[in-house]
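Take a look at the model below.

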Amino acid sequence: MTVLINQSTRVLVQGMTGRAGTFYTDLAMRYGSDYVAGVRPGKGGAKHIGLPVFDSVREATEETGANASLILAPAHNAGAAMIEAIEAEVDVAVCVTERVPVHDMLRVKAALSGAPTVLIGPNSQGVLAPGSCKIGVMSTADAKPGSIGIVSRSASLTSEIVAQTSAAGLGQSRTIGVGGDPIHGLGFRRCLELFKDDPETKGVVLIGEIGGGEEEDAADYLASVTYDKPVVALMVGRHAPPQRRMGHAGTLAVFRPASVEEKAKRLADAGVLIAPHADAVAQQMATALKN
Amino acid sequence: MFLAEYQAKELLAQYGVSTPSGGLARTGSEAEAQARELKCEKYAVKAQIRAGGRGEAGGVKIAASPRAVRNDTEAMLGTVLATEQTGPKGERVELVYIEAAVDLSVSRYLALLVDERSAQPVLLGSVESGVEFERKAYADPNILETLPLPSDFDTSKVDLSDFLARLDLPAGAAGSVATLIKAMARAARETDAMLIEINPLAIVGGVEAVAVDAKMVIDGNALYRHPEFESFAREISVDEAEKVARENEINFVQLDGDIGVVVNGAGLGLATNDMIIDAGGAPANFMDIRTTARSFHIAKGVQLLLDDPKVRVILVNAHGGGMTVCDTIAEGVSFAYSRANRKPPIVFRAAGQNAAWARTIMKERRLPFETCDDMSSAINRAIELAREQG
């Protein structure tokens, strides 16, 4: 049982031949991940940074056995790219692209319904198994193999907590960016389920923020099961002025969304430890693990 | 992008939605002239701001004569309407819409929104309506009727009859409301709308559905495929600093404090501001440098802070990740300072990718900075410096 990816995950890249695609594919391969193909319609048959390029995701999966996709397509193509990955039934599709139109995401979510693919993102830094597999664009400088599962809507705060947990000697089992967009694939709740069953993971850090409903879903789940690992939540945006779009997910003002305090309270009621501020997370987790 | 009422109505009318006749005015005499053309018994004078809650804040007046329309318009123009949705700063009224007042004795609430939780378009309706509606719905969600729509907004795939029945419409009005719902769905699909709200929807003469007020929000990420909104976007006044920032790959929100913050990432930006306020300080802004920003973009963002006379200290909180590295941020700060008349002290906290290199850049460019290793100490030092400068 592993969480989403491991050292035998074979990765293809949609949008590999562009500037960003080339850069991040190269970095991920240097990290030791098993990247096997690129997809770029019209460039099938070519080679790029040592990898074969295919016209379609299905061809790439059939020819190379790729079972995961990293999507670096531009925003106007990202919806179609996600749907193509889902229709080719890759196990995991990670979409890094920012600013994907919401209506495109409605179609992506419809395509996901009943499909075997786990979609991560869009607007996600990706998923990292420190030391073995990187599907995404995150920094790996401070990541260390270890016991903490991190799930977050924010790339920058994930880097912060990765550095803290490494410095505290805990390391990370997986880091998962569910993405900053209001409509996205994998959510906090499913990540918590995956971490619950993962023997490598001893504790979970959840990085939540203003807007959306991830934290409420996570709280409902945690209240409904016996979760035998400590969960520490860092909730940011407590002082963001109401009705301004500051965080990731824009919330429409038709109906009042839950405040950060309300979200934190729901989580605390479900047994989650709420970090007082961003600097305190790793210490709080270390203490919880000792008890 | 939030469309003003007149823009939303203009757009919906193209899809066949009935709206009261009316026109825009920028002065009292323009308003009076608009009213004379309408030739009706009563007129509505409506402030065109980009936020809801207008009615409760005094942004809608009913006038009995063109002369009264003029007086109401003159009283309204230039005032600042603060509603729950504008925030305490409010929005200045520069434009009013004059229209024939409609009999609201039979009216309903109708909206179509993209529901983020279910990732589906959802039709909302209620027998309640009007300025109090949101408060009522918040207190009692049961007054709200809902119907999920397919992800392509195709209303021919759903049966509207049960939804319409729950709106308890007059016997002859169901057909007109159904037609209006179909028009809304078509408009939403074709304009990348996140929300179309009609409140109130008047049932005139027991049969005709008329959109008396309309609100629309268009997905900003989809504007590239909607050149038709370019003129709308120009007409809408946006905070100048926020606009400059947006053009430079930075998400920026102006706040009132004295600590200018330079941060990469929305989450880290929120966390930084939380910690500043908890420690008794006041941020001058929220900043999220997007991963696509280069150093010259960042310089523009820093310049916005240097141009704000309230800013007494700059706090840089950079966490170099896979996409934005610390030295890019240091370069941006350095560009901005090299051109600035005013050089407030900088508290520089950098971690992650290229943090040491970033500190070297700051030192070599002789910037007035001091470094801190963790967020808490950087924030406390910035607050201290802001007080000393005050």
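Is C133(A) buried or exposed? C133(A) is buried, at 1% relative accessibility. Buried means under 20% relative accessible area, exposed over 50%, and partly exposed in between, with a 1.4 Å probe and protein chains only. This is a predicted model, where local features need pLDDT of at least 70, side-chain atom pairs count only at pLDDT 80 or more, and totals for chains, interfaces and linings use all residues. Residues are numbered from 1 along each chain as its sequence is written, chains are lettered from A and ligands numbered from 1 in the order in which they are written, and side-chain values use heavy atoms, leaving out hydrogens and water.

C191(A) is buried too, with a relative accessible area of 0%. Its sulfur is the closest cysteine sulfur to that of C133(A), yet it lies 16 Å away, too far for a bond. A disulfide needs two cysteine sulfur atoms within 2.5 Å.

Now turn to the interface. Chain B gives 63 residues to the contact and chain A gives 55, where contact means heavy atoms within 4.5 Å. Together the two chains bury about 4900 Å², 57% of it on carbon and sulfur atoms. Buried area is the accessible area (1.4 Å probe) that two parts lose on being put together, summed over both. In chain B, E116(B), L270(B) and D274(B) lose the most area to chain A.

Charges also meet here. There are 6 salt bridges between chain B and chain A, each a side-chain nitrogen of Lys or Arg within 4 Å of a carboxyl oxygen of Asp or Glu. One of them joins R290(B) to E98(A), with the closest N and O atoms 3.1 Å apart.
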